[in-house]
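Morning, everyone. I have one structure for today, and I will start with a question about it once it is on the screen.

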Amino acid sequence: MNQFDFFWKRLHHAEQPILLLDYDGTLAPFQAKRDQAVPYPGVRELLSAILAAGRTRLVVVTGRPCRDLVTLLGIDPHPEIWGCHGWERLLPDGRHELGEISPAARKALLAAHRWAEDSGFAPNCEVKPVSTAIHWRGLAKTTAGELRHLTLSAWQPLAAAGGLQLHDFDGGLELRCPGQDKGTAVRQVIAETPPDTPVAYLGDDLTDEDAFIALKGRALTLLVRKEARPTAAAFQLQPPEELIAFLRAWLQHTSTEKG
């Protein structure tokens, strides 16, 4: 990873560098059954070792609810987690924060879930504290396109009524409250951090672009994805091999004495 030598040098001398990580598609391969999306082999062990070394503020930034991610991640103690695209925060000591949403937004989200159940799409529907999502990963391209069209038609009026927004992501569509995203989450983390602290963000999805943009000029940003696509990230890693190599290098540079 010679292209990162400039970053490793800074990391080696840092008091508490920050490692920001998306989950699905970055630390774990996508799965049609969302509850089976466990990390790539070796990732849990490396993240546990990075945490145990005691020098890194490790933060997972995800669209999933925090509690769901704790189970999938399988690390004890768990790291800091920002869930639901920044609406939710779970600290390592167990403290939990969740933003408030309006009654109109909550009513619209409940209606979106009810539509999915009534339309026979309950298995594709994911209900979160501040959003509702439809997943089509694993479906044939034509079927996925039809599901997207039906969902858009049903949810666009709900978005307008509840002051919500529709967001595409890799493998689905999400109806969620505005005002928070992965960009706002990482800006909050950075605001709590000395200005010269080394920071890296690894993500794969369209939702990670908000974080890449927010961190431009401030952090090492890496798109973790086999296929290339337009991105605001500075570099690309091929999972899982280059992801594992990056985490190993991080561990090496934060487990040795500074000097």
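Is Trp-250 buried or exposed? Trp-250 counts as buried, at 0% relative accessibility. Buried here means under 20% relative accessible area, exposed means over 50%, and partly exposed lies in between, with a 1.4 Å probe and protein chains only.

Before going on, the ground rules. This is a predicted model, where local features need pLDDT of at least 70 and side-chain atom pairs count only at pLDDT 80 or more, while totals for chains, interfaces and linings use all residues. Residues are numbered from 1 along each chain as its sequence is written, and side-chain values use heavy atoms, with hydrogens and water left out.

Back to Trp-250. Its ring pairs with that of Phe-246: the centres are 6.2 Å apart and the planes at 40°, so the pair is tilted. For the terms: rings of Phe, Tyr and Trp (its six-membered ring) pair if their centres lie within 6.5 Å; planes under 30 degrees apart count as stacked, over 60 as edge-to-face, and the rest as tilted. Phe-246 and Trp-250 are 4 residues apart in helix H8, residues 241-255, which puts about one helical turn between them. Helices are DSSP runs of H or I with at least four residues, strands are runs of E with at least two, and both are numbered from the N terminus. Phe-246 is also buried, at 0% relative accessibility. Ring pairs join Phe-246 and Trp-250 with Phe-4, Phe-7, Trp-8 and Phe-235 in a cluster.

How many aromatic pairs does the structure hold? The count is 10. One of them is edge-to-face, between Trp-115 and Trp-155, at 6.2 Å centre to centre with 70° between the planes. This pair links distant parts of the chain: Trp-115 sits in helix H4 (residues 103-118) and Trp-155 in helix H5 (residues 141-162), 40 residues apart. Trp-155 is buried, with a relative accessible area of 0%.

Now the chain as a whole. The protein chain has 8 helices and 12 strands. Its radius of gyration is 19 Å, close to the 18 Å from the globule rule for 259 residues, so the chain is as compact as a globular protein of that length. That radius is taken over C-alpha atoms, and the rule is 2.2 Å times the number of residues to the power 0.38. Along the principal axes, the C-alpha atoms fill a box of roughly 60 × 35 × 35 Å. Of the 259 residues, 51% are buried.
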